[in-house]
Amino acid sequence: MKLFRRASKEPLWKDEFCINRADEQYVNRRQFTKFLVLTSLGMFAGNIWILMRSCFSKTPVYPEKNICRTKDVPVGGVWLFRYPTEKDACILIRPDEETYVAYSQKCTHLSCAVYYAPAKNRLECPCHEGYFSIKTGDVLQGPPPRPLPRVVLERRGDDLVAVRMEIQKEG
Amino acid sequence: MEPQHQPTRKHGLTAIDGALALIVILLIVQMWLLTATLESYLAGHHEVVLPAAIVSGALFLICAALYLFVIHIDAEERKAQRENSGFRETQDRL
């Protein structure tokens, strides 16, 4: 193909290490262009990777898990637990007598652990001062881009049971 | 016989610089697209992933086409230079 032809019939090293200084400008630009195009290929590969993950990711299975008894958590108190796997830290909050809410403890910004601030009745991330609503898990302030994933709870007698996670969409 | 028109060295460099500038702009757009796609994917908006991959592929193809254009210009310049130097050598011998 005409477009792919070599610049000359000289060996490659003579093409790339030219004797004339003026030719060097061409070599530099050509090599820089090649680097940029390879970077572009890397970006495209990144998009394809996300697409593959999106296509082949399995629907997560959420087992039912007994968290604690209602009397274990005082009003204004918290209970830390792990759900759905042992790697996923979550926080259960009891803001008033009859309300129990639970969220993933990982901040959606850079995965720092959020904590409950009872005085302001909100979840706070200490790393970059991201604040989340207790009622919905929405971002109130700060850099977190998404709400906290919510753990859906069911009250069975005196027991609090985690049923599934809800990844809340922004906007 | 009329001499064939050959792009001058300066014109060739200008063309390559133009192509380079375009590639840089496209690359910045592609970077933004990748970060925005990842952000949307993590936020649970899976519907944007396929169009983003298609657009990213198109941007890569444009970059590759511009790279081929740069190689082409480079080859033309070298060819012109070789022919000119051959012509001068013949004149010197005469």
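Chain A has two helices and ten strands. This is a predicted model, so please take everything I say as computed from it.

Some totals for the chain. Chain A has 171 residues, of which 22% are buried. Of the contacts in chain A with a separation of 6 or more, 31% are between residues 24 or more positions apart.

Next, one sheet. Four strands of chain A form an open sheet in the order β5-β6-β7-β8, and the pairing is antiparallel. At its edges are β5, residues 115-117, and β8, residues 139-141, each of which pairs on one side only. On average, neighbouring strands in this sheet are turned by 40 degrees against each other, direction ignored.

Inside that sheet, take β6 and β7 of chain A. Strand β6 covers residues 122-125 and β7 covers residues 130-133; the two run antiparallel and are joined by four bridges. One residue pair to look up on your screens: C125(A) has G130(A), in β7(A), as its bridge partner.

Last, the interface. Here 30 residues of chain A are in contact with 39 residues of chain B. On the chain B side, the elements giving two or more residues are α1 (9-42) and α2 (49-93). Which of them gives the largest share? That is α2(B), with 20 residues. By residue class, the chain B side divides into 25 nonpolar, eight polar and six charged.

Terms used. Residues are numbered from 1 along each chain as its sequence is written. Chains are lettered from A and ligands numbered from 1 in the order in which they are written. This is a predicted model: local features need pLDDT of at least 70, side-chain atom pairs count only at pLDDT 80 or more; totals for chains, interfaces and linings use all residues. A residue is buried if 20 or more other C-beta atoms lie within 10 Å of its own, exposed if 12 or fewer, and partly exposed in between; C-beta atoms are placed from the backbone. Two residues are in contact if their C-beta atoms, placed from the backbone, lie within 7 Å. Two strands pair if DSSP finds at least two bridges between them. Axes are lines fitted to C-alpha atoms, for helices over the stretch in contact, and angles run from 0 to 180 degrees between N-to-C directions. Ala, Val, Leu, Ile, Met, Phe, Trp, Tyr, Cys and Pro count as nonpolar, Asp, Glu, Lys and Arg as charged, and the others, Gly among them, as polar.
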